[in-house]
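Please look over the sequence and the structure before reading on.

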Amino acid sequence: MKKIFLVLLCSLLLAMHVYSDEISFSSDESSVRLQSGRESVILSGNAEVRTGSLVISADRISLSGAEWSTIECSGHVQVEDIERDLTIRTSIIYYDRANERLLISSYVELEDRGNEMNASANHLEFDMNNEILTLTGRVSFSKINGDDVIRGRSEMVSYDRSRNTLNLSLGCTVVYKGDEYQAEMIAIDIERDSISLSSGIRGTING
């Protein structure tokens, strides 16, 4: 039985190498299914997958789909994006390798060292091709801008890493340079050092 498992595992690794040289894995335990059209591998115990610039670790990781295009993780999940210098911590992740889209449907913490921003939310979608993160559900963030820190809260934040902009909506509060802004929609352009507000605007300006 052990010999059969080793043969199956070798076949799986060979298939991964043929389809893509950007994915590898390790774990304490694994189970493999090689039925045509339903190929999958489940990793558990110190599970780790490396693909492209991502290093994903979790209690349980499942690989499936054509050319191993789908990665699902659960438990204590951590995603390290080496290229972007950011870390994501959560408990449930779905990663679409083909479209480079990361979906998280549980509480999530983001540490973006590359852009000097930290955030937390109840859900996150990361469109890696376009460098856009969409955070929803009790979003809280802080972002360093020069010698100051921009802090904000809202129900939704669209964060464009490439343009260095944040668009907040629903119950928004932003504190920057000692001033507080509240509105239903707030747009922040870091490069231009500007804040735009619309609908239900309130604020407190110091100085």
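Asp147 is placed in the loop that runs between β11 and β12 (148–160); helices (H or I, at least four residues) and strands (E, at least two) are DSSP runs, numbered from the N terminus. The model is a predicted one, in which local features need pLDDT of at least 70 and side-chain atom pairs count only at pLDDT 80 or more, while totals for chains, interfaces and linings use all residues. Residues are numbered from 1 along each chain as its sequence is written, and side-chain values use heavy atoms, with hydrogens and water left out.

Asp147 counts as exposed because its relative accessibility is 84%; buried means under 20% relative accessible area, exposed over 50%, and partly exposed in between (1.4 Å probe, protein chains only). Although Asp147 and Lys177 are 30 residues apart along the chain, a separation of 9.6 Å is found between their C-alpha atoms.

Lys143 belongs to strand β11 (residues 132–145). With a relative accessibility of 2%, Lys143 counts as buried. Its side chain reaches the backbone oxygen of Asn115 at 2.8 Å. Glu116 is 27 residues from Lys143 in sequence, and the C-alpha atoms of the two are 5.9 Å apart. Apart from neighbours within four places in sequence, the residues in contact with Lys143 (heavy atoms within 4.5 Å) include Asn115, Glu116, Asp148, Tyr159 and Ile190.

Glu131 lies in the loop between β10 (123–127) and β11. Residues up to four places away in sequence aside, Glu131 touches Arg84, Phe126, Tyr159, Asp160, Arg161 and Ser162. Ser64 is part of strand β4 (residues 54–64), and on the same terms Ser64 touches Glu39, Ser40, Ser69 and Thr70.

The table lists the accessibility of three of these residues.

| Residue | Relative accessibility | Class |
|---|---|---|
| Lys143 | 2% | buried |
| Glu131 | 16% | buried |
| Ser64 | 19% | buried |

Of the 207 residues in the chain, 41% are buried. Among contacts in the chain with a separation of 6 or more, 32% are between residues 24 or more positions apart. The chain exposes about 11,300 Å², and 47% of this is supplied by carbon and sulfur atoms; accessible areas come from the Shrake-Rupley method with a 1.4 Å probe, and for residues only the protein chains shown count as cover.

Notes. A polar contact is a pair of N or O atoms within 3.5 Å; within protein, one must be able to donate a hydrogen and the other to accept it, and residues adjacent in sequence count only if both atoms are side-chain atoms.
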